[in-house]
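Please look through the sequence and the model below before reading on.

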Amino acid sequence: MTSKKMFSRGWFCAMLGILLLIGNSAFSQRSVTNYVKKYKPTAIRIMNETGIPASVIMGVAMLESGMGTSKNAKYLHNHFGIVGRNTLHKQKGVAYRSRYKEFASAEASFDYFANMVSKKKWFPSLKGNTEYKLWLKHMNHAGYSSAGHEWVKRVTSMISRYKLYKLDEQMAYTGS
């Protein structure tokens, strides 16, 4: 094989790789936009009812559900990685088994998450506070994820990368 053919083959492969990378990135961004658009109203409603920042709600949901693409999100409507019972084993045609809780809808999953967080002993001192890093720190210390500090870094990255902290500006929680 001549060096000219090798160069053109290498050039072709490099260009193909770049095009695939750009295309995949565009798909990923569209997926994020769609997920945020779909669940932002739910997160803001919960924030205003409970005082949990919408950025925390959305950041955790996005990470734990893979932007709604995980099997748990699709089959169980579980966007938060919450462990519990499900009926997957009773459904025909579903070969997927999971230890995660099944919800009637994604919104039910969001509500359950908020209820679970609101039962923590540190919750009263934080509700209404929009400092998402403080929320994540307390959730980590309470054992929300077995990934520990890595989980905090990932959720923080989601919140800052997609500017989810801007959702917290709509906080209308007055306390009760």
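This is a predicted model: local features need pLDDT of at least 70, side-chain atom pairs count only at pLDDT 80 or more; totals for chains, interfaces and linings use all residues.

## Lys163 and the end of helix 7

Lys163 has a relative accessibility of 43%, and therefore counts as partly exposed, where buried means under 20% relative accessible area, exposed means over 50%, and partly exposed is in between (1.4 Å probe, protein chains only). Lys163 lies in the segment after helix 7, and its phi is positive, about 55 degrees, although Lys163 is not a glycine.

Residues are numbered from 1 along each chain as its sequence is written, and side-chain values use heavy atoms, with hydrogens and water left out.

## The chain as a whole

The protein chain has seven helices and zero strands, where helices (H or I, at least four residues) and strands (E, at least two) are DSSP runs numbered from the N terminus. Of the 176 residues of the protein chain, 38% count as buried. The protein chain exposes about 10,800 Å², of which carbon and sulfur atoms supply 56%; accessible areas come from the Shrake-Rupley method with a 1.4 Å probe, and for residues only the protein chains shown count as cover.

Contact here means heavy atoms within 4.5 Å. Among contacts in the protein chain between residues at least 6 apart in sequence, 60% join residues at least 24 apart.

## The nonpolar core

In soluble globular proteins, nonpolar side chains tend to be buried together. The largest nonpolar core in this model has 42 residues, and those with the most contacts inside it are Met58, Val60, Met62, Leu136 and Met139; such a core is a set of buried Ala, Val, Leu, Ile, Met, Phe, Trp, Tyr and Cys residues joined through side-chain atoms within 4.5 Å. The elements that give two or more residues to this core are helix 1 (3-50), helix 2, helix 4, helix 5 (123-126), helix 6 and helix 7, and helix 1 gives the most, with eight residues.

The 12 residues of helix 2 should span 16 Å at 1.5 Å a residue, and the end C-alpha atoms are 16 Å apart, which agrees; the expected span is 1.5 Å times one less than the number of residues. Helix 2 is mostly covered, since 10 of its 12 residues are buried, among them Ala54, Val56, Met58, Val60 and Met62.

Helix 2 is followed by Gly66, whose phi is positive, near 60 degrees. Met67, in the loop between helix 2 and helix 3, has a positive phi near 60 degrees as a residue other than glycine. With a relative accessible area of 14%, Met67 is buried.

Helix 7 (residues 149-161) has 13 residues, which at 1.5 Å a residue should span 18 Å, and its end C-alpha atoms are 18 Å apart, in agreement. Its buried residues are Trp151, Val152, Val155, Thr156, Met158 and Ile159. Seen down the axis of helix 7, these buried residues fall within an arc of 155 degrees, so they line one face of the helix, the arc being that of the directions from the helix axis to the C-beta atoms.

The buried residues of helix 7 pack against helix 2 (54-65) and helix 6 (132-141). The face turned away from this buried side carries the exposed residues His149, Lys153 and Arg161.

Asn72 lies in helix 3 and is buried, with a relative accessible area of 13%. The side chain of Asn72 makes a polar contact with the side chain of Ser98 (3.0 Å); a polar contact is a pair of N or O atoms within 3.5 Å, and within protein one must be able to donate a hydrogen and the other to accept it, while residues adjacent in sequence count only if both atoms are side-chain atoms.

Phe103 lies in the loop between helix 3 (71-76) and helix 4 (106-118), and at 8% relative accessibility Phe103 counts as buried. Beyond residues up to four places away in sequence, Phe103 touches Leu76, His77, Asn78, Ile82, Ala108, Ser109 and Tyr112.
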